[in-house]
Amino acid sequence: TKFVFGASGVCISFLIYGWYQEDLFSYQSVANGAKFNYAWLLQFLESFANVFVGLMVRILVGGERDLPFKSLFVVGTSQLFAKAFTNLSLAAGLSYPIMTLSKSAKMVP
């Protein structure tokens with residue numbers, strides 16, 4: 001039951017996240033017809049939220065002191081650019097389901 005609960009939570013969370021993300025990038029201003037094109041700002045806000053939540057969990061739960069910071073930096077930087085380019089593709093008009101299928105078809109290292 002824990003597995004089903006966890007898997008359902010992940011799927012539902014990603015569904016809601018994708019719905020709102022696609023809605024954000026398809027937004028068009030009533031005043032001048034401008035679309036939302038601030039993919040880098042959105043990426044900055046998401047990254048800031050991730051760091052904030054990570055710090056709060058580390059303070060509340062505790063954490064490892066001796067971490068491989070070089071590896072964490074490489075992984076974090078590649079994730080930042082992957083997510084930013086995903087947002088840029090959504091801003092260019094790619095739909096969220098197509099983007100998700102494209103990301104799912106990537107090569108496994």
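The model is a predicted one, in which local features need pLDDT of at least 70 and side-chain atom pairs count only at pLDDT 80 or more, while totals for chains, interfaces and linings use all residues. Residues are numbered from 1 along each chain as its sequence is written, and side-chain values use heavy atoms, with hydrogens and water left out.

Start with the rings. Rings of Phe, Tyr and Trp (its six-membered ring) pair if their centres lie within 6.5 Å, and they count as stacked with planes under 30 degrees apart, edge-to-face over 60 and tilted for the rest. The count comes to 5 aromatic pairs. One of them is F36 with Y38, an edge-to-face pair at 5.5 Å centre to centre and 70° between the planes. F25, F36 and Y38 form one aromatic cluster.

Now for helices, which are DSSP runs (H or I, at least four residues), numbered from the N terminus. Helix α1 covers residues 2–25, and α1 and α2 pack at about 150° with axes 12 Å apart; axes are lines fitted to C-alpha atoms over the stretch in contact, and angles run from 0 to 180 degrees between N-to-C directions. On the α1 side, the contact (heavy atoms within 4.5 Å) is made by Y17, Q21, L24 and F25, and on the α2 side by A39, L42 and E46.

Note on methods: Helices (H or I, at least four residues) and strands (E, at least two) are DSSP runs, numbered from the N terminus.
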